[in-house]
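Student: I would like to understand how the words used for a structure follow from its values. Could we go through some of them step by step?

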Amino acid sequence: MSYVDGFLLPVPKKNLAAYKKMAAKAGKIWREHGALDYRECAGDDLKTAFGLPYPKLMKLKKGEVPVFSWIIFKSRKHRDTVNAKVMKDPRIQAMCPDPKQMPFDVKRMCYGGFKTLVKA
């Protein structure tokens, strides 16, 4: 079964275009280094009738939108190999020179690796 890195980010709406541009470049780099799929999704239908809505879970500030992202790999070992290559890629390093200049709050980013349980 595949392995998935998942991300949840609070992005100010005013920075969404800049984030999208950065994410498109990053996605290309991850794919070049072997990732099977790369997705970035901005919150749209967030007023749920059940469960814990993303805005509440993330404690979004006024004017922020949740971005839900994932990258798919063949396995955890494949993920580790690809991510090591990506982190050494000078294009990624150039995109992230200073965390304070990122189009989202890096300190509030959620990230984790996930084993696939079901693929329908």
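Tutor: Let us begin with glutamate 40, whose side chain makes a polar contact with the side chain of tyrosine 19 at 2.6 Å. Please keep in mind that this is a predicted model.

Student: What makes the pair of glutamate 40 and tyrosine 19 a polar contact?

Tutor: A polar contact needs a pair of N or O atoms within 3.5 Å, one able to donate a hydrogen and the other to accept it. The two side chains are given at 2.6 Å, and the side chain of glutamate 40 makes another polar contact, with the side chain of serine 69, at 2.4 Å.

Student: Where is glutamate 40 found, and which residues is glutamate 40 in contact with, leaving aside its neighbours within four places in sequence?

Tutor: Glutamate 40 is found in strand E2, and, with those neighbours left aside, glutamate 40 is in contact with Leu9, Tyr19, Ala23, Val67, Phe68 and Ser69.

Student: Why does glutamate 40 count as partly exposed?

Tutor: Buried means under 20% relative accessible area and exposed means over 50%, with partly exposed in between. Glutamate 40 has 29% relative accessibility, and therefore counts as partly exposed.

Student: Phe68 was among those contacts. Why is the pair of tyrosine 54 and phenylalanine 68 called tilted?

Tutor: By the rule for ring pairs, the count comes to five aromatic pairs. The rings of tyrosine 54 and phenylalanine 68 have their centres 6.3 Å apart, and pairing requires centres within 6.5 Å. Their planes are at 35°, whereas stacked needs under 30 degrees and edge-to-face over 60, so the pair is tilted. This pair links distant parts of the chain, since tyrosine 54 is in helix H2 and phenylalanine 68 is in strand E3, 14 residues apart.

Student: How do you know that the pair of phenylalanine 68 and tryptophan 70 is tilted?

Tutor: The centres of these two rings are 5.4 Å apart and their planes are at 45°, so this pair is tilted by the rule.

Student: Why do tyrosine 54, phenylalanine 68 and tryptophan 70 count as partly exposed?

Tutor: Tyrosine 54 has 36% relative accessibility, phenylalanine 68 has 39% and tryptophan 70 has 22%. Each value lies between the 20% and 50% cut-offs, so each residue counts as partly exposed.

Student: Which residues make the nonpolar surface patch?

Tutor: Leu52, Tyr54, Leu57 and Phe68 make this patch of about 380 Å², and leucine 52 has its place in the loop between strand E2 and H2.

Note on methods
Residues are numbered from 1 along each chain as its sequence is written. This is a predicted model: local features need pLDDT of at least 70, side-chain atom pairs count only at pLDDT 80 or more; totals for chains, interfaces and linings use all residues. Side-chain values use heavy atoms; hydrogens and water are left out. Rings of Phe, Tyr and Trp (its six-membered ring) pair if their centres lie within 6.5 Å; planes under 30 degrees apart count as stacked, over 60 as edge-to-face and the rest as tilted. Helices (H or I, at least four residues) and strands (E, at least two) are DSSP runs, numbered from the N terminus. Buried means under 20% relative accessible area, exposed over 50%, partly exposed in between (1.4 Å probe, protein chains only). Patches are made of residues with over 30% relative accessible area and no salt bridge: like charges are joined within 9 Å, nonpolar side chains (Val, Leu, Ile, Met, Phe, Trp, Tyr) within 5 Å. Accessible areas come from the Shrake-Rupley method with a 1.4 Å probe; for residues, only the protein chains shown count as cover. A salt bridge is a side-chain nitrogen of Lys or Arg within 4 Å of a carboxyl oxygen of Asp or Glu. Contact means heavy atoms within 4.5 Å.
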